[in-house]
2 protein chains.
Amino acid sequence: MEHKGFTVWFTGLSGAGKSTLANLLEKELRAANMKVEVLDGDVVRTHLSKGLGFSKEDRDTNIRRIGWVCQVLTRNGVVAIAAAISPYHEIRDEIRANVKDFVEVYVEAPIPVLAERDVKGLYKKALAGEIKNFTGVSDPYEAPEHAEVVCHSDCETVNESLDKILNVLRQKGYLNS
Amino acid sequence: MEHKGFTVWFTGLSGAGKSTLANLLEKELRAANMKVEVLDGDVVRTHLSKGLGFSKEDRDTNIRRIGWVCQVLTRNGVVAIAAAISPYHEIRDEIRANVKDFVEVYVEAPIPVLAERDVKGLYKKALAGEIKNFTGVSDPYEAPEHAEVVCHSDCETVNESLDKILNVLRQKGYLNS
């Protein structure tokens, strides 16, 4: 079944729920027989960005690289789902301009909530000064100003967030059902 | 028009004619309405491998990265055409195993012929010892032992080489016409 390619770009702080939503969305789209690739942290670290660190330059390179893969997939009719902190709006907007069929999903949650959850134990370390360049604590995060969807993972269920995303994809004509 | 994805992997020394053949093949497949992406040196250096050098480790990382993009494209029904020296058979075979629908094209020409052509002036420098780690001169090239196609760019026209490739793609059921 042929369908149009597009990119769903999840941005937000560590632990906000980007990968969870990306994986749910992937399942939903696969169930609709769509071609989907998820580019999340693990995939990217293994296959694209080994050796890159957390300086601004390395972060930008990492995000641009993910963006380029999204662009190539999108223009070939594949749905690319990226889940990356992607803290800088300039780079996100650059990717938006390149990809064209680009849906930005901001997964938002306040730092105190994320520090409370702290699934990977990173916020504790970051707040104690043990991790440098930790986005939202010791490194900037520039929140999107024109995201197509904003999910509030502190006060919505994942299914509510997923529905918001699917509705926007339908409105934009990317989904039929 | 849906078609099966596959990867055509051009390997061979610098100046052997990999990119020329890759671009001709791209044109031919596009004319048949197929989805095609060419991953050659320029694309890769710009989008995937900035910062990598010419040590064995960096070369392997570069080739694996191209191979991973080929794999992702192939499993989504896109034809990926890679043109990279890719000197080590171990890495090429690793990519072959991952991609599965993988057609290796060895573009062969003897060093004296390449040094005589020397389109980019690199052989002269390499033979004078001014470039280190130059494949075929001061760095190894492991010729494929089971390439699906071998093109001899010193004694075949590019159209003869292209026909050999297209015939193999037809035999393997990747092309209809």
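Visitor: Before we get to the interface, what puts two residues in contact here?
Guide: Two residues are in contact if their C-beta atoms, placed from the backbone, lie within 7 Å. Keep in mind that this is a predicted model.

Visitor: What rotation superposes chain A on chain B?
Guide: A rotation of 180°, with 0.0 Å of shift along its axis and an RMSD of 0.0 Å. That is how a two-fold axis relates two copies. The same surface serves both of them, too: 100% of the contact residues of chain A recur in chain B.

Visitor: Switching to the fold. What's the strand order in the sheet of chain A?
Guide: The order is β2-β3-β1-β4-β5 in chain A, an open sheet of five strands with parallel pairing.

Visitor: Which ones are the edge strands?
Guide: In chain A those are β2 (36–40) and β5 (149–152), each pairing on one side only.

Visitor: How much are neighbouring strands turned against each other?
Guide: By 15° on average, if you ignore direction.

Visitor: How many bridges join β4(A) to β5(A)?
Guide: Four bridges, with β4(A), residues 102–108, running parallel to β5(A). Within β5(A), Val150(A) is the residue that stands opposite Tyr106(A).

Visitor: Back to α3(A). Which strands does it lie across?
Guide: α3(A) lies across β1 (6–11), β2 and β3 (79–83) of chain A, and runs at about 165° to β3(A).

Visitor: How do the axes of α3(A) and α4(A) cross?
Guide: They cross at roughly 15° and come within 9 Å, with α4(A) covering residues 89–99. That makes α3(A) roughly parallel to α4(A).

Visitor: Left-handed or right-handed crossing?
Guide: α3(A) passes α4(A) in a right-handed crossing.

Visitor: Which residues meet there?
Guide: From α3(A) you have Asp60(A), Ile63(A), Arg64(A), Gly67(A), Cys70(A), Gln71(A) and Thr74(A), and they meet Ile91(A), Ile95(A), Asn98(A) and Val99(A) of α4(A). By class, this contact between α3(A) and α4(A) has five nonpolar, four polar and two charged residues.

Note on methods
Residues numbered from 1 in each chain as written. Chains lettered and ligands numbered in written order. Predicted model: local features only at pLDDT ≥ 70, side-chain atom pairs only at ≥ 80, totals over all residues. Least-squares fit on C-alpha atoms with pLDDT ≥ 70 in both. Pairing = 2+ DSSP bridges. Helix = DSSP H or I, 4+ residues; strand = E, 2+ residues; numbered from the N terminus. Axes fitted to C-alpha atoms, helices over the stretch in contact; angles between N-to-C directions. Parallel < 35°, antiparallel > 145°, perpendicular 65-115°, else oblique. Left-handed = near helix turned anticlockwise from the far one by under 90°. Nonpolar A, V, L, I, M, F, W, Y, C, P; charged D, E, K, R; others polar.
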